[in-house]
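Subject: Structure handover and notes

Hello,

The structure is below, followed by notes on what was found in it. Please look it over when you have time.

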Amino acid sequence: METKTSLPVPLLPPIGELLFAVTLPIVFFAGKARLLADGDTGYHIRAGEYILRTYSVPRFDIFSLHTPPLPWTAHEWLSEVIMALLHGAGGLAAVDAFFAIVISACPALLYAVLKSYGAQTATAGALTLGALSTFEVHWLSRPHVFSFVFILLFHYLLESWRRGKFDRLYLLPPLMLLWVNLHGGYLGGFILIAVYLAGCAASTATQAAGRREEGGRNCRRVGVVGLFCLGASLVNPAGYRILLFPFKLVGDTYIMDHVSEFLSPNFHFMTAFRLFLLLVVVLLALSRKRLPATDLLLLAAFTNMSLYSARYISLFALVVPPVLSRQLQGIKLPRSPVTLFFAERSRRLAALDARGRRGIWSALALTAVIAAVVSGKVEHRFDPKVKAVETAEFLMRENVPGNMFNNDEIGDYLIYRTFPRYRVFFDGRSDMYGSALMKEYYRVTKFEPGWEEVLTKHRIGWVVYDTNSEFSRFLALRREWALIHSDRVASVFVRRTPLYLGLIDRHPGVTLWRDPAPPRDPA
């Protein structure tokens, strides 16, 4: 029973709204450097501008120097159009504001979902905070944020249907139509459908003979919806090829083993994820409630995905809390002063939540963010201490001729700042470049046998690479290369050939940038 409280709370918002109203300013104002921590944001914006300018989705690469142009499945084209429109209206601040709003809506949606399943207020809040801290590593202004919302919606619609709350599975195909054009994470929707279909089949097989007919109808219902989602997924510029894209990527073991976001999570750093996994184990061990087949399959599928690749941690964090909330109902704690204390606080929290004033704090948070974008008072830009901002400005002034070789992260930013004047050797679209070009890329950067032949093959005349790297220090010692620019992030080397003598003469005596020595202690 949830008791009433006499505490005055005329302006206190409900907890779900509080989660949104607190998370939004944290993400937008305090986390602005994090939102642009990945240079991929830049090339997504430029791709969207190309689509708007040409009224077409590119089927071949437009940003790199490779000829003939590489086939490119621009599977996030709709996200890129949205990002380009936002960037044109309000710059990077508008892009960040949009994604901050989407990110902040996720914990509010998750909390509402948990409450709709009957979770206690304290339980729903704790699980939501745990999920929020777990997928916080993916707070970026990138298309994958759309998948956060869609995975929540798909899971909610399927689970609400399974529980008999309501049947709105007809919404899944139109949602899939949007999802498949926004981000490649749409595969998560098909995984959810497959899990619920398998769970339904398993439950039907164990039911009494008289109830199997109803179970069969339910299985057919999910299967038909899945087929409609499959049909909806084909409505995209790439057609059926969009369905092959995720499997082609996962099947390329070289890319999966050499791109950081595809690697398994590093538990030395991902403390929140590690603790969340431990929470799953502890709650399942303590709960006396039998784990339904569907919940078991959900845990198995999304835990396996999160352990295989760190990029799936966010999906795990958003799918697992509803399962845990149900299992918590099967934990019986003995009556004691401690449990009674927390039970009373939980009842009071529920009463406060029920009396909260809706709309005020969300409106204030949105108004503050929108006002910051419109007024231009809060600047959002790529961090010059992390991204090759100074190097890009140098390149725009000098107009360096010939083909470049570059680091992939630097390539992302160069596309944003210098396209179409410069075309990169490599960038964050590792799926497009494929393992063959990636092997050549690493052959150069790791000085493997034949690295110089790779530069010759691609007619590389100059190199822009991380200043604090073995490769840059190595080139600085080679007589055939001249250093013409160096800052804390990147350095530019040109071949000592007649084509670059003018640049070498204009920038004599350049040395690799070093951190300035710390001031001496007067004592």
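A nonpolar surface patch is formed by L11, W361 and L364, which together have about 300 Å² of accessible area. Patches are built from residues with over 30% relative accessible area and no salt bridge, joining like charges within 9 Å and nonpolar side chains (Val, Leu, Ile, Met, Phe, Trp, Tyr) within 5 Å. Accessible areas come from the Shrake-Rupley method with a 1.4 Å probe, and for residues only the protein chains shown count as cover. L11 sits in the segment before α1 (15–30) and is exposed at 51% relative accessible area. The classes used here are buried (under 20% relative accessible area), exposed (over 50%) and partly exposed (in between), with a 1.4 Å probe and protein chains only. Helices are DSSP runs of H or I with at least four residues, strands are runs of E with at least two, and both are numbered from the N terminus.

This is a predicted model, in which local features need pLDDT of at least 70 and side-chain atom pairs count only at pLDDT 80 or more, while totals for chains, interfaces and linings use all residues. Residues are numbered from 1 along each chain as its sequence is written, and side-chain values use heavy atoms, with hydrogens and water left out.

Helix α16 (residues 360–375) contains L366, which is partly exposed at 29% relative accessibility. The C-alpha atom of L366 is 7.9 Å from that of L24, although the two residues are 342 apart along the chain.

On cavities, the count is 1 of 30 Å³ or more. A cavity here is a set of points, on a 1 Å grid over the protein atoms alone, where a 1.4 Å probe fits but cannot get out; lining residues have an atom within 4 Å of a point. Grid points are joined across faces, edges and corners, and the volume is the space filled by probe spheres set on the points. The largest cavity has a volume of about 30 Å³. Its lining consists of L110, V113, Y117, L152, H155, Y156, L318 and P322. At least two lining residues come from each of α4 (77–116), α6 (144–163) and α14 (313–328), and α6 gives the most, with 3. By class, the lining has 7 nonpolar residues, 1 polar and no charged (nonpolar: Ala, Val, Leu, Ile, Met, Phe, Trp, Tyr, Cys and Pro; charged: Asp, Glu, Lys and Arg; polar: the others, Gly among them).

The whole structure has 20 salt bridges, each defined as a side-chain nitrogen of Lys or Arg within 4 Å of a carboxyl oxygen of Asp or Glu. Three of them are described here.

- R46 and E49 pair with their closest N and O atoms 2.8 Å apart. They are separated by about one helical turn, because they lie 3 residues apart in helix α3 (residues 40–54). R46 is buried at 17%, whereas E49 is partly exposed at 24%.
- E159 and R162 pair at 2.9 Å, N to O. About one helical turn separates them too, since they are 3 residues apart in helix α6. E159 is buried, with a relative accessible area of 0%, and R162 is partly exposed at 30%.
- D167 and R221 pair at 2.8 Å, N to O. This bridge links distant parts of the chain, 54 residues apart: D167 is in the loop between α6 and α7 (172–182), and R221 is in helix α9 (residues 212–233). D167 is partly exposed at 37%, as is R221 at 30%.

E159 and R162 also belong to a network of salt bridges that includes R163, D295 and R326.

Regards

Key:
1 Å grid on protein atoms, 1.4 Å probe; cavity = no way out; pocket = protein on both sides within 12 Å on 5 of 7 lines; lining within 4 Å.
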